[in-house]
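Reader: I'm new to this one. Can you walk me through it?

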Amino acid sequence: DVYKRQVKEEVKVTNSEWYVMNCLWEQSPLSLMQLVPLLKESAGWSKSTSATMVRRMTEKELICYEENGKTKYFFPKVDKQDVVVQETRDFLQRIYDGSVGMMMSALVRQDDLSAEDIRELQEILKAAEKKTQKKQRKKK
């Protein structure tokens, strides 16, 4: 998509901006009048708060719009996966000095992982291990 851009280190999505981004990642394009009730429900925002947030996010280039007549239809300019990866890296660095192991250890110590979580993590790690092995074979 020509409007999409890669998320760079300096692109940050605030807690408030996540409300708008989630609406637009789920369904887009949406007009402001379509966004307002969604944001009222998810964030409790008024029409003016929603309009201000959409304007700021357009200026920040997180979202953009196409005009159809007098109506602007907004859509995300960044992929959700890119933003999630960046936010995850920032979180890991800020809280756990970048260590996935420290984060997992903290979760295990607090008994915050269900049996299903553990199975899912094992599958993710198996897939990551296979991917790493393939990369190492290509380098040889």
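**Salt bridges and core**

Author: E59 and R55 sit four residues apart in helix α3, so about one helical turn separates them. They form a salt bridge, with the closest N and O atoms 3.3 Å apart. A salt bridge here is a side-chain nitrogen of Lys or Arg within 4 Å of a carboxyl oxygen of Asp or Glu. Helices are DSSP runs (H or I, at least four residues), numbered from the N terminus.

Reader: What kind of model is this?

Author: This is a predicted model: local features need pLDDT of at least 70, side-chain atom pairs count only at pLDDT 80 or more, and totals for chains, interfaces and linings use all residues. Residues are numbered from 1 along each chain as its sequence is written, and side-chain values use heavy atoms, leaving out hydrogens and water.

Reader: How many salt bridges does a search of the whole structure find?

Author: Five. One of them joins D90 and K12, with the closest N and O atoms 2.6 Å apart. That pair links distant parts of the chain: D90 is in helix α4 (residues 80–96), K12 is in the segment before α1, and they are 78 residues apart.

Reader: Is D90 buried or exposed?

Author: Buried, at 18% relative accessible area. Buried means under 20%, exposed over 50%, partly exposed in between (1.4 Å probe, protein chains only). K12 is partly exposed at 36%.

Reader: New topic. Which residues have the most contacts inside the largest nonpolar core?

Author: V20, M21, L24, L35, M57 and I63, in a core of 19 residues. Such a core is a set of buried Ala, Val, Leu, Ile, Met, Phe, Trp, Tyr and Cys residues joined through side-chain atoms within 4.5 Å.

Reader: Which helix gives the most to this core?

Author: α1, with six residues.

Technical notes. Helix = DSSP H or I, 4+ residues; strand = E, 2+ residues; numbered from the N terminus.
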